[in-house]
Amino acid sequence: MLMTTKIERLERVLEDIYQDQEIPLSLRAACSYSLMAGGKRIRPVMMLDLMEAFGLELSEAHYRLAVTVEMIHTGSLIHDDLPAMDDDDYRRGKLTSHKQFDEATAILAGDALFFDPFWLLSRLDFPAEQVVKLVEALAYASGSYGMVAGQILDMAGEGKSLSLAEIEAIHERKTGRLLTFPFLAAGIVAGKDDAELESLRETGQSLGLAFQIRDDILDVTASFEALGKTPGKDLVEEKSTYVSILGLDEAKATLSKLLKQVKEELSKYGNQPVMDLIAGLEIGQ
């Protein structure tokens, strides 16, 4: 299936989630505002592409599984933009949630986007053993062992000169573990064994590291129009980044090396959409 077709279907599933009249209107509005603000949908598209690479015919359940990671990612962006954290006014070219609504509503919308994916997972028409594995993997990637842990370590590192190993430890959790979920989820529903799931996890972790390096590069090279958010925030907040430690050219070279490694690891599945998605993350030297 073409990437554009997948994204169109993902958008319909995302839009449908907060149409339930039982959910308070203000919460529906805030959740939908951020969910439907755009974005490349890399995480869910990667999951769907991998499912097809594993021989699965995509169903509505697969799409509902794929949007769970996008919901948690979006909730994290809402919270990241709050005054207590990154204090940003724009995200994806639109006012951030706390600017469009208010801080309390933004906090609660982020909370909903963290919890609701697990309700969606519980209702998927997959074998119970698979659902338990999916819940375990997403919870691990999102909470105190993953994204949330990475965020608090990232804030603790502001204004400090961190080593490359310390930065990698932060982003292994903050960015990497949530990016492993599409790989693991696709493997779980395809019935892959533990050895292959571990291999997929490692590939996802490599992509997560590449994704963070790419983000650091774009923070110093891209415009507001390209990013959809304020550039140069890392410098203002005195954060140690891959660019500040390696330099721009070496950061670009490291990104290219990691993406090449990920493509080599995934080439055995012979799925061109997966390869194209990875190639699209390249930044010119």
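**Note on the domain interface and helix packing**

1. The C-alpha centres of domain 1 and domain 2 are 18 Å apart. The assignment for the protein chain places domain 1 at 1-125 and domain 2 at 130-284, with bounds taken from an automatic or database domain assignment. This is a predicted model, in which local features need pLDDT of at least 70, side-chain atom pairs count only at pLDDT 80 or more, and totals for chains, interfaces and linings use all residues. Residues are numbered from 1 along each chain as its sequence is written, and side-chain values use heavy atoms, with hydrogens and water left out.

2. Contact (heavy atoms within 4.5 Å) joins 35 residues of domain 1 to 38 residues of domain 2. The two domains bury about 3,100 Å² between them, 75% of it on carbon and sulfur atoms; buried area is the accessible area (1.4 Å probe) that two parts lose on being put together, summed over both. On the domain 1 side, Arg-43, Met-46 and Phe-54 lose the most area to domain 2, together 20% of what that side buries.

3. Helices here are DSSP runs (H or I, at least four residues), numbered from the N terminus. The axes of H3 (residues 42-53) and H9 (residues 164-189) come within 8 Å and cross at roughly 30°; axes are lines fitted to C-alpha atoms over the stretch in contact, and angles run from 0 to 180 degrees between N-to-C directions. H3 is therefore roughly parallel to H9 (angles under 35 degrees; over 145 is roughly antiparallel). Residues making this contact include Arg-43 and Met-46 of H3 and Phe-181 and Phe-183 of H9.

4. Helices H14 (residues 248-266) and H15 (residues 272-279) pack at about 175°, with axes 10 Å apart, which means that H14 is roughly antiparallel to H15. Leu-259, Val-262, Lys-263 and Leu-266 of H14 meet Val-274, Met-275, Ile-278 and Ala-279 of H15.

Technical notes. Helices (H or I, at least four residues) and strands (E, at least two) are DSSP runs, numbered from the N terminus. Angles under 35 degrees count as roughly parallel, over 145 as roughly antiparallel, 65 to 115 as roughly perpendicular and the rest as oblique.
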